[in-house]
Amino acid sequence: MSPPSDPAAEVRLAERVAGGDRAALRELYLLHREAAQRVAFRYLGDEAEARDVVQDVFVTLLTQPAAFSPKARFSTWLWRVVANRCLNRRAKAGFRGGARDAGDAALLEVQGDPGGSPDAALLRAEEEARVRAAVDALPGRQRMAILLSRFEELSYEEIASALETSVSSVESLLFRARRALAEALAEP
Amino acid sequence: MRCSRSRRLLDRKLDGRLPPRDAARLAAHLASCEPCRVAQASLARAWERLGLLSAGRGPAEDWPVIAARIAARTERWPWLRWPLHVRRLAAAGALAGLAIAGLLLGDVAARGALGPARAPSLEAIAIAEGFGDLPFGAPTPGVLLGRAGHGETP
């Protein structure tokens, strides 16, 4: 979940960025990099691609400040740009998300736990890989909607803003995504 | 309540968006409908297992990379260093300049200053002097006298 922040303070920071203030940009980056990286990684399944998306987002904020409207919450803009970048990358011909990165990360997490047994680590890695494959199989917008809902706990309205669509469309995306995941993750 | 309606409400229940009245109606339907109970359990299990999806290794300290990318872009396009309000003024000025230039050029073209000089051909002068204005207009230069008719050496 994203750390709590003061929306008004963030808008002031974004306005300073529009004036070319790089220190303000760094503050916003430090506040939001974790959440942006998290969403991008879960969407793309590739650490390097996710880092590239996050870098892209903050470079854009300084070089194209007109893209951010001071009337909106900064987090609204951030989710929209992160979602757009991820959806565009997925749409590129030949791009394939890396289940290997996800599997490696799962193994690292369990290996980091001295109390975990090797069997438990392997089981967890297999389960995580299965979940990864199920998420990767979702169409782009369903995938983004489910990730923003499940992990960032965004409301339907916030997801609609991020995906530049309506609330009813978000409900439909989540409905279809959940059914697809339920089918893919059903007990064998 | 029909099962199709119940399945829709299951999602809202998962998201905590179910009004109390709908929650009560859903609960009553689930009590008597095993397929919907199975569907609910399936959704809840998938939602829980989704939590296994890794968040990755955590954020990297990429600020130096971001700063380097910004520096590279501003070196290539120096106007990116300008604050937003200055860029907007510059863009407005450039658009105004283009509009004024377009109006001036259009005015000049309309006055024919850029068009070719349309001096009457020798045939036209000769026919006008001999016959006056013709109903079909002046002849095409060169039709009667060839290229010599309008000053060119043959």
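Domain bounds here come from an automatic or database domain assignment. On that basis, chain A of this predicted model is divided into domain 1, residues 7–91, and domain 2, residues 137–188.

Start with the overall build. Chain A holds nine helices and zero strands. Read along the sequence, the pattern is α-α-α-α-α-α-α-α-α.

Now consider how the chain packs. Of the 188 residues of chain A, 44% count as buried. A residue counts as buried if 20 or more other C-beta atoms lie within 10 Å of its own. Contacts tell a further part of the story. Take those in chain A between residues at least 6 apart in sequence: 66% of them join residues at least 24 apart.

Next, turn to the two domains of chain A. The C-alpha centres of domain 1 and domain 2 lie 21 Å apart. The domains touch: 13 residues of domain 1 and 14 residues of domain 2 take part in the contact.

Which elements give two or more residues to the side of domain 1 of chain A that touches domain 2? They are helix 2 (22–44) and helix 4 (74–91) of chain A. Helix 4 of chain A supplies the largest share of that side, with eight residues.

What is the make-up by class of the side of domain 1 of chain A that touches domain 2? Eight residues there are nonpolar, four are charged and one is polar.

Definitions and conventions: Residues numbered from 1 in each chain as written. Chains lettered and ligands numbered in written order. Predicted model: local features only at pLDDT ≥ 70, side-chain atom pairs only at ≥ 80, totals over all residues. Contact = placed C-beta atoms within 7 Å. Helix = DSSP H or I, 4+ residues; strand = E, 2+ residues; numbered from the N terminus. Nonpolar A, V, L, I, M, F, W, Y, C, P; charged D, E, K, R; others polar. Buried ≥ 20, exposed ≤ 12 C-beta atoms within 10 Å, placed from the backbone.
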